[in-house]
Amino acid sequence: MLAFIRTSFRTLTPVNQLLLSGAALLAVTLLAGCGGTTVASKPMGTVSGTVTHKGQPLTDCRVNYLSEQLGASAGGDLTEDGSFTLDGPIPAGSYSVFISLPSEFTPAQAQSNTGLSQVPKKYLSASTTDLTADVKEGESSHDFDLK
């Protein structure tokens, strides 16, 4: 069988040999994996909570969790009562939390920034926020009051 494969490989044009070799290498890499820890093998958690500004529910915004250390991020749009649930589970660990436009917004909402206009500037970027959250395996609840 190996002799047949070797003979068949020699009858291919150099370009086809290169393509077949590349496809075989890709298949082996995908099947073997790279041996590192994957996000799926880490403890995961789901997150919900509320965001208020001076005690009033924040709306028309999105809360974002970012961990550069874990290489993970997630977000959830705020509802009318200021509550949120992050989109899917995320790896357990420490996260910076910041506020942005909701995932779906109209051009008028983007122009008016009704929700974002209430948010102090330091909470609008992952690099300036001082909000942090520890996500635990299982369910976590985080409430933030922006001042």
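Predicted model: local features only at pLDDT ≥ 70, side-chain atom pairs only at ≥ 80, totals over all residues.

Residues are numbered from 1 along each chain as its sequence is written, and side-chain values use heavy atoms, with hydrogens and water left out.

Confidence comes first. pLDDT is the predictor's confidence in each residue, on a scale from 0 to 100. The protein averages a pLDDT of 80. At least 70 is the score of 70% of the residues. Over residues 1-7 the pLDDT is below 50. Beyond near neighbours in sequence, that stretch has zero contacts in the model. A contact here means heavy atoms within 4.5 Å. Residues 15-37 also stay under 50 in pLDDT. For them the model has seven contacts beyond four places in sequence.

Now the sheet. Helices (H or I, at least four residues) and strands (E, at least two) are DSSP runs, numbered from the N terminus. Two strands pair if DSSP finds at least two bridges between them. Strands of a sheet pair through backbone hydrogen bonds, either parallel or antiparallel. Here four strands form an open sheet in the order β4-β3-β7-β8, and the pairing is antiparallel. The edges are β4 (72-77) and β8 (131-135), each pairing on one side only. From one strand to the next, the twist averages 30°. Such angles run from 0 to 180 degrees between N-to-C directions, with axes fitted as lines to C-alpha atoms.

Look at the individual pairings. β3 (residues 62-67) meets β7 (residues 93-100) over five antiparallel bridges. Val-63 has Ile-99 of β7 as its bridge partner. Tyr-65 is bridged to Val-97, also in β7. β7 and β8 pair over five bridges too, again in the antiparallel sense. There, Tyr-95 stands opposite Ala-133 in β8.

Last, the loop. Where does Pro-43 sit? Pro-43 lies in the loop between α2 (14-32) and β1 (44-53). Pro-43 counts as partly exposed because its relative accessibility is 41%. The cut-offs are under 20% relative accessible area for buried and over 50% for exposed, with partly exposed in between (1.4 Å probe, protein chains only). Leaving aside neighbours within four places in sequence, Pro-43 contacts Ile-90, Pro-91, Ala-92 and Glu-137. Pro-43 and Ile-90 are 47 residues apart along the chain, yet their C-alpha atoms are separated by 8.5 Å.
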